[in-house]
Amino acid sequence: MRMLFIEYPTCSTCRKAKEYLQDAGMELEIRHIVEETPTVEELRAWVKQSGLELKKFFNTSGNVYKELKLKDRLKELSEEEQLNLLAGNGMLIKRPLLICEKGIAVGFKEEKYKNLCSE
């Protein structure tokens, strides 16, 4: 089963998640979250597929999120504006993202990965 793994290579959580997947023998298509930032269309589809609120896709602990004061502003922005923000700067996106047929994981939780990776 091939999975799309979107990472920021220097992120320790991304490295831990990728190692977990590789140790489990998963075949990964790897994308750099800044060099190949997800598009608005991809993000829209992933939010829908995941069943999560759009705000769960924001990297709330990141510097860019804080610099833009999104904690206070996010609820005032439309879904389209939020998607455009995410697509415009990969550092705003919570990482890693794991996209596969069974679902989507935002961030790394081993239990979620186990569920998505089991045949």
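The model is predicted, with local features requiring pLDDT of at least 70 and side-chain atom pairs counted only at pLDDT 80 or more, whereas totals for chains, interfaces and linings use all residues. Residues are numbered from 1 along each chain as its sequence is written, and side-chain values use heavy atoms, with hydrogens and water left out. Helices (H or I, at least four residues) and strands (E, at least two) are DSSP runs, numbered from the N terminus.

Four strands form an open sheet of mixed pairing in the order β2-β1-β3-β4; two strands pair if DSSP finds at least two bridges between them. On average, neighbouring strands are turned by 15 degrees against each other, direction ignored. Strands β1 and β3 run antiparallel and are joined by three bridges. L4 stands opposite I99, and F5 has L98 as its bridge partner. Four bridges pair β3 with β4, again in the antiparallel sense, with L97 opposite V106. The hairpin between β3 and β4 passes through two residues. Both faces of β3 are covered, with L97 and I99 buried on one side and L98 and C100 on the other; buried means under 20% relative accessible area and exposed over 50%, with partly exposed in between (1.4 Å probe, protein chains only).

Helix α1 (residues 12-23) lies across β1, β2 and β3 and runs at about 165 degrees to β1. Helix α2 also packs on the sheet, touching β1, β2, β3 and β4, and its direction makes about 100 degrees with that of β4. Axes are lines fitted to C-alpha atoms, for helices over the stretch in contact, and angles run from 0 to 180 degrees between N-to-C directions.

The buried residues of α2 are V40, L43, W46, V47 and S50. Seen down the helix axis, these residues fall within an arc of 130 degrees (taken from the directions from the axis to the C-beta atoms), so they line one face of α2. The face turned away from this buried side carries the exposed residues E41 and K48. The cover over the buried residues includes β1, β2, β3, β4 and α5.

Helices α2 (residues 40-50) and α5 (residues 79-88) pack at an angle of about 120 degrees, with their axes 9 Å apart. In their contact (heavy atoms within 4.5 Å), V40, L43 and R44 of α2 meet E80, L83, N84, L86 and A87 of α5.
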